[in-house]
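Q: I have a model open here and would like to go through it with you. Can we start with the loops and then move to the sheet?

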Amino acid sequence: MISLQPAHSMPPLATPKKAASAISGRRVMTRSPSARRSAMADRQGGCSCGQLRFIVQGDPLRVGVCHCLDCRKHHGALFFAAAVFAENTVKITGRSASHKGRHICPDCGSSVYAVSGGEVELHLGAFDAPDQFTPTYELWTDRRDSWLTPISGAAQHARARDANN
């Protein structure tokens, strides 16, 4: 379960609802060659001011890039990249402000993570160490800017990802 530890000056945060559905699909090795770690190594990250932090253990369920309009608008970028972990492998500390499951630091405004369906999407740019993961899929490629090239070896989805891949 995601562990939230809000600051004393703020009211407790609502914890996300647990999804009853099982996670389908297979695990895919998503670590880059330069980040060889044991499968149970802790990875850390957080916002730019350090107030909102996360620690995650183990490998992600999947790693992907999204070009949809919602992600583009939320992040103010042409695409969004995240490593998706089971909720029970992630520990979050600090305060966050949220909207529709997306969490930002209320102090510095950094977008750090999202919670949905028993999973936590940790933003790749929020990890302390770079080059830990390689995306295995891209979503909403029909919205990808023409000067951006497909990620080599990543599955390409014109719209949303099929639940089986």
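Q: Where is the place of Trp140?
A: Trp140 sits in the loop between β11 (137–139) and β12. Strands here are DSSP runs of E with at least two residues, and helices are runs of H or I with at least four, numbered from the N terminus. This is a predicted model, in which local features need pLDDT of at least 70, side-chain atom pairs count only at pLDDT 80 or more, and totals for chains, interfaces and linings use all residues. Residues are numbered from 1 along each chain as its sequence is written, and side-chain values use heavy atoms, with hydrogens and water left out.

Q: What about the phi of Trp140?
A: Phi is positive, about 55 degrees, although Trp140 is not a glycine. Most residues other than glycine have a negative phi.

Q: How exposed is Trp140?
A: Trp140 is partly exposed, with a relative accessible area of 22%. The cut-offs are under 20% for buried, over 50% for exposed and partly exposed in between, with a 1.4 Å probe and protein chains only.

Q: Where does Lys100 lie, and what is its phi near?
A: Lys100 lies in the loop between β7 and β8 (102–104). Its phi is near 50 degrees, a positive value in a residue other than glycine. Lys100 is exposed, with a relative accessible area of 76%.

Q: And Arg95, buried or exposed?
A: Arg95 is buried, at a relative accessible area of 15%, and its place is in the loop between β6 and β7.

Q: What does the side chain of Arg95 make a polar contact with?
A: With the side chain of Asp107, at 2.6 Å. A polar contact is a pair of N or O atoms within 3.5 Å; within protein, one must be able to donate a hydrogen and the other to accept it, and residues adjacent in sequence count only if both atoms are side-chain atoms.

Q: On to the sheet. In what order do the strands come?
A: The open sheet has 8 strands in the order β7-β8-β9-β10-β5-β4-β11-β12, with mixed pairing. Two strands pair if DSSP finds at least two bridges between them. At the edges stand β7 (97–99) and β12 (155–156), each with a single partner strand, so one side of each has no neighbour in the sheet.

Q: How many residues of β4 are buried?
A: 5 of the 5, so β4 is largely enclosed by the rest of the structure. On one side are Arg62, Gly64 and Cys66, on the other Val63 and Val65.

Q: Which strands does β4 join?
A: β4 (residues 62–66) runs antiparallel to β5, with 5 bridges, and parallel to β11, with 3 bridges. Val63 is opposite Ala83 in β5, and Cys66 is opposite Leu139 in β11.

Q: What joins β9 to β10?
A: 4 bridges, with the strands antiparallel. Tyr113 stands opposite Leu122 in β10. The two strands form a hairpin with 2 residues between them, and Gly117 in the turn has a positive phi of about 55 degrees.

Q: Which residues of the largest nonpolar core touch the most other members?
A: Phe85, Tyr113, Leu122 and Phe127, out of 18 residues. A nonpolar core is a set of buried Ala, Val, Leu, Ile, Met, Phe, Trp, Tyr and Cys residues joined through side-chain atoms within 4.5 Å.
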